[in-house]
Amino acid sequence: MLGIPTHLAPRVNAWSTVRAFHAAAVGSLIAAAIALLLYRLSEPDVVVVGPVLALVPMLGMIGVHVQFGTWRSAVAFLVVGAVCAWWFALGVQQQVPTGWVTSYLLSLVVIPLILVGGAGAVPSRVVLWSFLGFLTGRLATLIAIVQSDAPPRPLVLAWITLGFVVALVLFTTRSTARSERVQPELLRSAREEHVSAYRAGVEAEASAILHDTVLNHLGAITLAPDGPMDPHLAETVEADVAVLTGKGWLAPVSRPRPGAAAGAFVAMVDEHRALGLDVTVSGDPSALERLDQRAVTALIRAVGQCLANVRKHAGTDAAEVSVFDDSASCTVMVVDDGRGFDEEATGADRMGLRGSVRDRIGRVGGEVQIWSSPGSGTSVMMTVPYGPVTGAITVPTTTADGQGSTR
């Protein structure tokens, strides 16, 4: 009830109650037929064909009422049910002399009139229909009892069923009213949680972009020779300043053109090659085309950060990038034979692998595994599943060396 919109909750609740009542009514008639047949087995002289046949039209009318579900079909069921209850009670009175068994059987044939007649969306109408069904069934059985010149039979089980229906209606009415009061608070809390999660994602991605641009540029400037800044580096700095001061990375991503993902990946690798890193690409970069655009953006940026780390920290000028497609996900590995490192010994202020790789891939539902130790090189494996990605932050494909162009 709490997870259903307020304007739909009463209707859904009424529908589920109707289905439960219909199932219970059918079960009551089947129980009556089984009880008669079992009594027939214990008393071979008893004839139960007539009472059992009287139950068949009631079962048929339940099906009709389930199909149409109108007040006319409910009235028709009560009329047919009253006739069948009279027929059933007349046969039972003549064939079943045991008083408590007769009372039980008569209750079973009246219960469907209480349940099926009580189907409705308005609580007061449910109760009125149930009382009407009970009175109709009780009157029909009384007529049969009088005709059979038998003593009155207390329909204890029918009375219990009527009380249960009334109690259920009162309970569901209170539950619906309570859910209508509580649901707005739950929706407000869910909205606030969603906004908080979205804000945290935006802040995390903004921090990663800041690391991928400003900090990497400072590292590139530090490693550059004395003299005027390299024109290519100057262009990337200007482009990244535009990214940092603008809001384009928060804009929704349009559907990419075919081949755009592989092209952006190759362009990112070429930019690192232009900065002096010997990058060997193996596998099939076209596998990136199957990824959601948000996942493509995150993966390209994470790979770019890995290559930037190779240039700055690995002490080698070569790296290999491999792209794998296992039909369920896209995996990219960045491997170098540099000096390696101990990730657990990395300071909390080092945001490269943590913010720009692990967290970024995690925000699009992927996983990152790192194998490295001092003197043995580093292998970073990033796996992102295929399919739509929800709850991620869309960003342009800024590469790790600072290139801020959007692809």
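Colleague: At the start of α9, which residue's backbone nitrogen does a side-chain oxygen of aspartate 292 reach?

Modeller: Happy to look at that one; bear in mind that this is a predicted model. Helix α9 covers residues 293-314. At its start, the side-chain oxygen of aspartate 292 comes to within 2.9 Å of a backbone nitrogen, and that nitrogen belongs to arginine 294.

Colleague: And how far does α9 reach from its first C-alpha to its last?

Modeller: The helix has 22 residues, and at 1.5 Å a residue the expected reach is 32 Å. The reach in the model is close to that, at 30 Å.

Colleague: Is α9 largely enclosed by the rest of the structure or largely open?

Modeller: A residue counts as buried under 20% relative accessible area. In α9 that holds for 19 of the 22 residues, so the helix is largely enclosed.

Colleague: Which residue takes a positive phi just after α9?

Modeller: The helix ends at residue 314. Just after it, a phi of about 70° is found at glycine 315.

Colleague: What about cysteines: how many disulfides are there?

Modeller: A disulfide is a covalent bond between the sulfur atoms of two cysteines. To be counted here, a pair of cysteine sulfur atoms must lie within 2.5 Å. By that rule, the number of disulfides is 0.

Colleague: Which ring does the charged end of arginine 290 sit over?

Modeller: To count, CZ of Arg must be within 6 Å of the ring centre. The charged end of arginine 290 is 4.0 Å from the centre of its ring, which belongs to tyrosine 386.

Technical notes: Residues are numbered from 1 along each chain as its sequence is written. This is a predicted model: local features need pLDDT of at least 70, side-chain atom pairs count only at pLDDT 80 or more; totals for chains, interfaces and linings use all residues. Side-chain values use heavy atoms; hydrogens and water are left out. A charge sits over a ring if NZ of Lys or CZ of Arg is within 6 Å of the ring centre and within 35 degrees of the ring normal. Helices (H or I, at least four residues) and strands (E, at least two) are DSSP runs, numbered from the N terminus. The expected span of a helix is 1.5 Å times one less than its number of residues. Buried means under 20% relative accessible area, exposed over 50%, partly exposed in between (1.4 Å probe, protein chains only). A polar contact is a pair of N or O atoms within 3.5 Å; within protein, one must be able to donate a hydrogen and the other to accept it, and residues adjacent in sequence count only if both atoms are side-chain atoms.
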